[in-house]
Amino acid sequence: MANIPKKIASLVREHDSFRHVPNAERLSTDELTANGLYKGYPCPHGHDIRLLDNHSCYLCAGKIRDNICGFDLNYMQEEYKRKYADLWSQIAVGDPSECWEAPGLTQKRICLPSYRSLYARDKSTNVTAHKAIYQCAWGDVGALFVTRVCGNKTCLNPLHLVSNWNRLFPPSVISPFDYAFQPEKLMQYQQVQDANQLKVLRERYYKCTIQNPLVNQNNSDYDSEYIQYYQSEWQETS
Ligand SMILES: [Zn+2]
Ligand SMILES: [Zn+2]
């Protein structure tokens with residue numbers, strides 16, 4: 001894994017365009033526009049505020065900036081979950097530090113709803129399997145690209161996938177990570193009417209792992225952040 005942060009550093013450009021907007025979900029259309037946001041098509045995680053410039057889901061972008069990789073398939077938006085269940089059934093899920101291969105999906109385009117679904121006649125868009133999996137595990141990044149940092153073309157381990165929103169050091173685990181249907185959870189999802197309750201269900205096992213605690217400066221200079229991290233890692237092991 002030691003080579004991965006270096007690769008992320010070359011792929012993830014510095015992101016100063018993510019701006020926290022207090023109570024974004026409660027703003028009027030005009031207030032959203034004034035903040036570079038709009039109310040759009042719901043993302044797989046049930047959010048509907050998007051960024052005007054790249055259509056990324058606003059709350060998912062915040063989740064990725066918080067370095068949270070995790071999802072529970074049973075609590076995801078209805079129109080996405082069957083497709084994701086089908087994708088996950090084709091992935092050889094293994095140790096979080098290894099590549100998870102899915103050769104059958106390498107060339108495939110996956111038909112899923114997207115930000116375009118709000119105004120397009122065709123309600124689904126074709127995306128690559130790695131973008132589909134990224135949006136499931138990390139979040140909906142709209143028109144942004146998703147890249148594999150391990151360089152393995154058949155790998156679909158979400159911890160090896162990044163977009164411009166990612167931080168330099170990925171978390172060590174995906175949490176929550178439930179990628180199969182469970183009848184009791186599906187029933188629970190059906191019974192929850194209140195949006196806040198659903199939010200609690202979806203987020204209760206999120207692991208907030210902003211970065212290695214030894215990297216105490218949120219430094220915009222990736223090289224010095226990298227050196228700081230690996231020097232401390234070296235000190236711990238020597
Ligand atoms: Zn979202
Ligand atoms: Zn990989």
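These are brief review notes on the predicted model above.

1. Ground rules. Residues are numbered from 1 along each chain as its sequence is written, and chains are lettered from A and ligands numbered from 1 in the order in which they are written. In this predicted model, local features need pLDDT of at least 70 and side-chain atom pairs count only at pLDDT 80 or more, while totals for chains, interfaces and linings use all residues.

2. Confidence. The mean pLDDT (the predictor's confidence in each residue, from 0 to 100) of the protein is 85. A value of 70 or more is reached by 81% of the residues. Helix H5 (residues 129-137) has the highest mean among the elements, 98. Helix H8 (residues 222-237) has the lowest, 45.

3. Over residues 212-238 the pLDDT is below 50. Beyond near neighbours in sequence, this stretch has 18 contacts in the model (C-beta atoms, placed from the backbone, within 7 Å). Where pLDDT is low, predicted coordinates should not be read in detail.

4. Overall make-up. The protein has 8 helices and 8 strands. These are DSSP runs, numbered from the N terminus: helices are H or I, at least four residues; strands are E, at least two. Of contacts between residues at least 6 apart in sequence, 63% join residues at least 24 apart. Of the 238 residues, 33% count as buried.

5. Tyr 115. This residue lies in the loop between strand S4 (109-112) and strand S5 (125-128). Tyr 115 is buried because 23 other C-beta atoms lie within 10 Å; the cut-off is 20 or more, with C-beta atoms placed from the backbone. Leaving out residues up to four places away in sequence, Tyr 115 touches Gly 40, Tyr 41, Arg 50, His 55 and Gly 142. Pro 42 is 73 residues from Tyr 115 in sequence, yet 7.6 Å away in space, C-alpha to C-alpha.

Terms used: Contact = placed C-beta atoms within 7 Å. Buried ≥ 20, exposed ≤ 12 C-beta atoms within 10 Å, placed from the backbone.
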